[in-house]
Amino acid sequence: MNFRQLEAFRATMRAGSITRAANYMNISQPSVSRLIADLETDVGFALFNRVGRGLTPTPDASRFYKSVESMFMGVDRLQELARTIRSTSGGTVSIGVIPSLSTVEVPSAINDLYLARPDVKIQTYVRNTPAIVDAVQLQQLELGLVGRAPPYLGVEIIYQTTVPYVCLIPEGHWLDGSSDCVDLKKLSTTETFITFGGIFPESIIGLESETVSALRERSRVSAANMPMAAALVRETGALSVVDLISSGVATGMGGVISRPLIQKLEYHIAIITKSKISLSAQASELAGYIAQRLDKIKS
């Protein structure tokens, strides 16, 4: 037996006739008759006695109907719960964001949700990637926007992308005025660099070990994150390697320019959550807005 057969049986029991049951289900009378006949074949006993143009339930049908009605009461409660979930306004979305995305892209995405869902509350926290992954894993945050290549233990990825690394250069530097790609390997032997995060430049996947060593040797200042590194480029005159998004924020403030690298180095970005199945509608919507913003950067 299947759900549609039981639905036809229930409608007929409630309506008292095939015609009214068909109207209720918005299908043809022959379709209702066929569904009931198939159900009788499946259960192995008659459900209705046909008398003239009418029909009456058999005793077995009456007993069977009680259980069917109990089942549908459960279905009705599920449908009511679904309606409640769909119509319920409000709720709180919590998200942890890496510094490089905390000033432009995420605020813009949050504004999209802010305008679309007036009753939703949004909590934001600016942290580094390891702290965000830990908080999402412990369900202290519903969403995390991180900047590191996977895997991320104990969480699920909703969305991921990459953006290129670029070289950030102070205005007036000898490289200023050229739009050509710069060779990080060559610059690492002649220029001073701002490093960041304690693990840079080892964290840049694809960077040659020789270049990593040279960058470290010629680094006098280490910043906590890429936005700080970008600000220090402006103040010290040293160079830095940052992601495209951080460079956009820095160049928008003035005092620095960016140049593409000959080396094809990619910065990983991902939106994570503890479980996609349990993700709230509001959090899913915010993740969608963030993904749209990040996709526009690459287009």
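Modeller: Glu 69 counts as buried, at 14% relative accessibility; buried means under 20% relative accessible area, exposed over 50%, and partly exposed in between, with a 1.4 Å probe and protein chains only. Glu 69 forms a salt bridge with Arg 14, and their closest N and O atoms are 2.9 Å apart. A salt bridge here is a side-chain nitrogen of Lys or Arg within 4 Å of a carboxyl oxygen of Asp or Glu. Because Arg 14 lies in helix H1 and Glu 69 in helix H4 (residues 59–87), this pair ties together parts that are 55 residues apart in sequence. Helices (H or I, at least four residues) are DSSP runs, numbered from the N terminus. Arg 10 joins Arg 14 and Glu 69 in a network of salt bridges.

The model is predicted, so local features need pLDDT of at least 70 and side-chain atom pairs count only at pLDDT 80 or more, while totals for chains, interfaces and linings use all residues. Residues are numbered from 1 along each chain as its sequence is written, and side-chain values use heavy atoms, leaving out hydrogens and water.

Helix H1 (residues 3–15) also holds Glu 7 and Arg 4, three residues apart and separated by about one helical turn. Their side chains meet in a salt bridge at 2.6 Å, N to O. Glu 7 is partly exposed at 22%, and Arg 4 is partly exposed at 34%.

Another salt bridge pairs Arg 293 with Asp 112 at 3.1 Å, N to O. Arg 293 lies in helix H11 (residues 281–298) and Asp 112 in helix H5 (residues 105–116), so the pair ties together parts 181 residues apart in sequence. Arg 293 is partly exposed, with a relative accessible area of 25%. Across the whole structure, the search finds six salt bridges.

Definitions and conventions:
Helix = DSSP H or I, 4+ residues; strand = E, 2+ residues; numbered from the N terminus.
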